[in-house]
Amino acid sequence: MSYLMEIQQGETRNIVGIFSTMENADTFLRSIPFITKRKESYGISYTIPFVDLPELYVASYHNWRYVFSRCSYEPERDGDEIEVVLTEVSEMDTAIPEIAFPKGDTRLDAYTFPNDEVQCEVKKRIALFEEAKAYYGRQGRTVERGGLGSQDGEYVTVSDEHDPTQMCITFLLEPQSTQAREKASSFEDFLRIIQE
């Protein structure tokens, strides 16, 4: 595995590069005098106090140059300290002996899943929607999906029994719903569980 290094403050993200090992990334970071290294309960953190960040500093590593400048960031406010973030990344051009998913996470609506769980979660959402479509379809009702990309995430709407032009949100396509369906003995049981 390799490590992608980024310098982040709030929404600002500046990519430094990829290091083949954590030790190499640490060697590069220790060569920069204004980076603070701390042991935390979750591991090692690297931060840059804004007051210590020069207007111009050129870091050198294996003939690569990276420019640090206080012009790239804002004075710290609301705890937006400047952080060095190291993310383990998979080298997709390198063949591996067996099938695997790359390291990291992928967002599905408002939730984030490890890459090796995304396929399964998407399949659960599809199956739950298809089951709702079949269940309500037998009642002559219309079933649709909506809200993709919204803050609350995707949901399933069903037409009103008495007015087919009126669509009502029945449930969200979220982990709680797929988990409830796994526990339920039937789709009717699932509807009862999510309405409790």
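This is a predicted model: local features need pLDDT of at least 70, side-chain atom pairs count only at pLDDT 80 or more; totals for chains, interfaces and linings use all residues.
1. Overall form. The protein chain carries four helices and twelve strands. Its radius of gyration is 24 Å, whereas a compact globule of 196 residues would have one near 16 Å. The C-alpha trace spans about 70 × 45 × 30 Å along its principal axes.

2. Burial and surface. Of the 196 residues in the protein chain, 34% are buried. The accessible surface comes to about 12,800 Å², and carbon and sulfur atoms account for 49% of that. Taking contacts between residues at least 6 apart in sequence, 42% join residues at least 24 apart.

3. The largest core. This nonpolar core has 22 residues, and Phe 28, Ile 48 and Phe 68 have the most contacts inside it. At least two residues of this core come from each of strand 1 (2-9), helix 1 (22-30), strand 4 (43-48), strand 5, strand 6 (64-68) and strand 7 (82-89). A second, separate core of 15 residues includes Phe 129, Ala 132, Leu 173 and Phe 187.

4. A closer look at Phe 68. Leaving aside neighbours within four places in sequence, Phe 68 is in contact with a list of residues including Ile 7, Phe 28, Ile 32, Phe 34 and Ile 48. Leu 53, Pro 54 and Tyr 57 are also among them.

5. Leu 56, Val 58 and Val 67 make a nonpolar surface patch of about 270 Å². Val 58 sits in strand 5 (residues 57-61), and Val 58 is partly exposed at a relative accessible area of 43%.

6. The structure holds twelve salt bridges. In one of them, the side chains of Glu 131 and Arg 181 meet at 2.8 Å, N to O. Glu 131 lies in helix 2 (residues 115-137) and Arg 181 in helix 3 (residues 175-183), so this pair ties together parts that are 50 residues apart in sequence. Glu 131 counts as partly exposed, at 27% relative accessibility.

7. A bridge within one helix. Asp 189 and Arg 192 form a salt bridge at 2.4 Å, N to O. Because the two are three residues apart in helix 4 (residues 187-195), about one helical turn separates them. Asp 189 is buried, with a relative accessible area of 16%, while Arg 192 is partly exposed at 42%.

8. Glu 154 is buried, at 7% relative accessible area, and Arg 145 is partly exposed, at 35%.

Conventions. Residues are numbered from 1 along each chain as its sequence is written. Side-chain values use heavy atoms; hydrogens and water are left out. Patches are made of residues with over 30% relative accessible area and no salt bridge: like charges are joined within 9 Å, nonpolar side chains (Val, Leu, Ile, Met, Phe, Trp, Tyr) within 5 Å. Accessible areas come from the Shrake-Rupley method with a 1.4 Å probe; for residues, only the protein chains shown count as cover. A salt bridge is a side-chain nitrogen of Lys or Arg within 4 Å of a carboxyl oxygen of Asp or Glu. Buried means under 20% relative accessible area, exposed over 50%, partly exposed in between (1.4 Å probe, protein chains only). A nonpolar core is a set of buried Ala, Val, Leu, Ile, Met, Phe, Trp, Tyr and Cys residues joined through side-chain atoms within 4.5 Å. Contact means heavy atoms within 4.5 Å. The radius of gyration is taken over C-alpha atoms; the globule rule is 2.2 Å times the number of residues to the power 0.38.
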